[in-house]
Amino acid sequence: MDRLLGRLAGGRLPTRRPPGPRNRHARAAPHKLLFRGAGPAHALHHLGLDPPARTSVAGGSAVGRPLRDRDGRARTPDDRGGAVTDTFHGTHVLVTGAAAGIGRATAIAFAKAGAKVSALDRDPVQIPAGDATPGQIHPVACDLSDLAALERIFADLIAARGAVRVLVNNAGVDRRIPLADLDAATWDEMMSLNLDHQAALARLAAPGMAAAGGGAIVNLTSTAWMKLAGTLAAYHAAKAGIVGLTRGLARDLGGQGIRVNAIAPGRVVTERVEAKLTRDWIAETHALQCIPDLIRAEDIAEAALWLASPGARMITGQTLVVDGGVV
Ligand SMILES: NC(=O)c1ccc[n+]([C@@H]2O[C@H](COP(=O)([O-])OP(=O)(O)OC[C@H]3O[C@@H](n4cnc5c(N)ncnc54)[C@H](O)[C@@H]3O)[C@@H](O)[C@H]2O)c1
């Protein structure tokens, strides 16, 4: 170990004293002895490495710089119930499936944090006045299962609005399909609705993110496949595939300053679910979860915001479960 530390420090290790009261801290934490009296920046310099430049937002290197509002007051993560207002000021964020549910809440959350959001959906994206300033959320009509059209739409989008720095691959469709009905065409359709467009958009967005200094990709998976729910084999396969995709992309893109993570929501009360809420369902959900409360689309949006923020700058390849404590 000493030889390894010595090599890292270029042979400039401080002389070790024999064990005794004066170097008890060194025994508890040898790394502190190595750089005693110096900050982390000095330690990095000592290793021949310079601290990362603190410039980009989505890539995470703005961490450590106090965020300030227009009046110069410091902002804290608590200012807005979790996320930092204006963290994404002017950042081009692309959210898929933004006409409803989690995607819509995510588009609004990023807009409130200052981003300019491209909101992709095959349905019309309607944002109530007050949830975003006019023009901040830009609706883009798009069927994500048509990958050739998606490529053209994406090219037009970045030509008009600049590189996408944050990509939230949210759109997905859960469909109960008994095994007997799971023919090749149905299987392909489920992969196309849930998995293929996530990979396609990551491939399209990555070069622009890298050229701009970094970025973040957040992929929506689910806890459903972790819980062995029935008649959902195709959905499970696609959602489990998203975890594999996330980990593979994290490795491929980390060197370019791009972080890739996934969110696995549990039972989320979106408008779609709200329409069929029953007392029994609520009671069952409260009993299942460690936290006896309902998960809202906004809870998932906050997780996406944080994963894309500088606060998560050293997190990649991970799946964040947001299910109130079930799996
Ligand atoms: N709601 C939940 O409880 C829950 C739980 C686990 C995971 N998820 C995942 O979270 C994501 C969002 O779920 P939600 O409940 O908010 O969904 P939702 O059905 O409320 O909204 C999905 C949106 O995506 C759009 N969309 C779907 N396929 C599309 C396509 N091919 N092209 C363009 N737009 C398309 C729909 O038009 C819709 O606006 C999905 O990936 C889902 O699998 C949701």
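I started at leucine 120, which sits in strand β4 (residues 116-121). Strands here are DSSP runs of E with at least two residues, helices are runs of H or I with at least four, and both are numbered from the N terminus. I noted that this is a predicted model: local features need pLDDT of at least 70, side-chain atom pairs count only at pLDDT 80 or more, and totals for chains, interfaces and linings use all residues. Residues are numbered from 1 along each chain as its sequence is written.

**Leucine 120**

Is leucine 120 buried or exposed? I found it buried, because 30 other C-beta atoms lie within 10 Å. Buried means 20 or more such atoms within 10 Å, exposed 12 or fewer, and partly exposed in between, with C-beta atoms placed from the backbone.

I then listed contacts, meaning C-beta atoms, placed from the backbone, within 7 Å. Beyond neighbours within four places in sequence, leucine 120 contacts Leu94, Val95, Thr96, Ala98, Val140, Cys142 and Leu144. I also checked asparagine 170, 50 residues away along the chain from leucine 120; their C-alpha atoms are 9.9 Å apart.

I moved on to valine 95. Setting aside residues up to four places away in sequence, Val95 touches Gly103, Thr106, Ala107, Phe110, Val117, Ala119, Leu120, Val168 and Asn170.

Which residues have the most contacts inside the largest nonpolar core? They are Val95, Phe110 and Ala304, in a core of 68 residues. Such a core is a set of buried Ala, Val, Leu, Ile, Met, Phe, Trp, Tyr and Cys residues joined through C-beta atoms within 7 Å.

**Helices α7 and α8**

I looked at α7 (residues 184-212) against α8 (residues 233-253): the angle is about 15° and the axes are 9 Å apart. Axes are lines fitted to C-alpha atoms over the stretch in contact, and angles run from 0 to 180 degrees between N-to-C directions. The pair is therefore roughly parallel, a label for angles under 35 degrees.

I found residues including Trp187, Met191 and Leu195 of α7 meeting a set in α8 that includes Tyr235, Ile242 and Leu249. Nonpolar covers Ala, Val, Leu, Ile, Met, Phe, Trp, Tyr, Cys and Pro; charged covers Asp, Glu, Lys and Arg; the others, Gly among them, are polar.

**Helices α6 and α7**

I finished with α6 (residues 147-161), whose axis comes within 11 Å of that of α7 and crosses at roughly 30°. So α6 is roughly parallel to α7. Leu147, Leu150, Glu151, Phe154 and Ile158 of α6 meet Asp196, His197, Ala200, Leu204 and Gly208 of α7. I logged six nonpolar, two polar and two charged residues there.

Methods:
Two residues are in contact if their C-beta atoms, placed from the backbone, lie within 7 Å. Angles under 35 degrees count as roughly parallel, over 145 as roughly antiparallel, 65 to 115 as roughly perpendicular and the rest as oblique.
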